[in-house]
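Hi everyone, thanks for coming. I'd like to walk you through one chain today, so let's get it up on the screen.

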Amino acid sequence: MAGAALALFALTCTVPVSSQNSEAFESEITVTGKAQDVVTTLIGPSDFISPMGEPFRSQDGRSGAEHWFAQASRDGRLTREAFRSDAARFFATLDLDHDGEIGPDEISRYETEIAPEVQVTSTYGDVSLAKAGSDGSITEPPYPTRLGAGRFGFLAMPEPVAYADLNFDRAVTRQEFAQSADRRFAMLDVNGDGALTRAELPRLGRIRPQAGR
Ligand SMILES: [Ca+2]
Ligand SMILES: [Ca+2]
Ligand SMILES: [Ca+2]
């Protein structure tokens, strides 16, 4: 199980973001008394897709991941309960007709209107996986490494909402979504203490500003 979970883990990557808000930013550091309590904001690009598939598009220089974490966490910790609540809140926004499941039309709306990023099927290699040989030759990173929403989040899931359809009947029930939330939380809770901290979440690549933009 641990191996499978690790296989889904985010690999450090740089995510191409076409928006004008994709500037790099330096993390802010807040010292809160004790040396071990140094808090850094989550580093990453402005566009982020949360573990349950919700897009966050930052416009204030902080990463989209930081926006997600800040709204879902409390006192720097995102507990399992809070993660479940965050998932349930997002589920309610997707279940437009309030029938307790995200049906095919609602999944389609998610993919076209809410998070069109999930449609992008072009592959994006993780450059950190490229290997340099002793003779100076470079072995290209394996492809594909990331697809769709996987390029914008912690987990390598191209379509995080449809991925929660555990019985493959093309609808995601509230229960399936909650069950998926628990699974994804467990993947991210590296030390298994029931809460996520910024320090244990995967680091997302920073986008460097393009010249002239
Ligand atoms: Ca519905
Ligand atoms: Ca289902
Ligand atoms: Ca933890």
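I'll go from the overall fold to the core, and then to a few individual residues.

Please keep in mind that this is a predicted model. Let's begin with the big picture. The chain has 213 residues, and 34% of them count as buried. Its secondary structure is made up of 5 helices and 10 strands. If you take the contacts between residues at least 6 apart in sequence, 59% of them link residues at least 24 apart.

As a general reminder, nonpolar side chains in soluble globular proteins tend to be buried together. Here, the largest nonpolar core holds 36 residues, and the members that touch the most others are A87 and V161. Which elements each supply at least two residues of this core? They are β3 (47-49), α2, α3, α4, α5 (174-188) and β10 (195-197). The top contributor is α3, which gives 5 residues.

Let's zoom in on V161. Leaving out neighbours within four places in sequence, V161 is in contact with G53, L94, I102, I107, Y110 and V172.

Next on my list is E111, which sits in helix α4, spanning residues 104-114. E111 has 19, so it is classed as partly exposed. Beyond the residues up to four places away in sequence, E111 touches P116, V118, Q119 and E159. I'd like you to look at that last partner. E111 and E159 are 48 residues apart along the chain, yet their C-alpha atoms are separated by 8.1 Å.

Finally, two residues with backbone angles worth a look. Most residues other than glycine have a negative phi. Against that background, D75 is not a glycine but has a positive phi of about 55 degrees. You'll find D75 in the loop between α2 (64-72) and β5 (77-79). D75 counts as exposed because it has 7 C-beta neighbours inside 10 Å, and the cut-off for exposed is 12 or fewer.

H98 is the other one: again not a glycine, and again with a positive phi of about 55 degrees. Where is H98 found? Its place is the loop between α3 (80-94) and β6 (101-102). H98 has 7 other C-beta atoms within 10 Å, so it is exposed.

Methods
Residues are numbered from 1 along each chain as its sequence is written. Chains are lettered from A and ligands numbered from 1 in the order in which they are written. This is a predicted model: local features need pLDDT of at least 70, side-chain atom pairs count only at pLDDT 80 or more; totals for chains, interfaces and linings use all residues. Helices (H or I, at least four residues) and strands (E, at least two) are DSSP runs, numbered from the N terminus. A residue is buried if 20 or more other C-beta atoms lie within 10 Å of its own, exposed if 12 or fewer, and partly exposed in between; C-beta atoms are placed from the backbone. Two residues are in contact if their C-beta atoms, placed from the backbone, lie within 7 Å. A nonpolar core is a set of buried Ala, Val, Leu, Ile, Met, Phe, Trp, Tyr and Cys residues joined through C-beta atoms within 7 Å.
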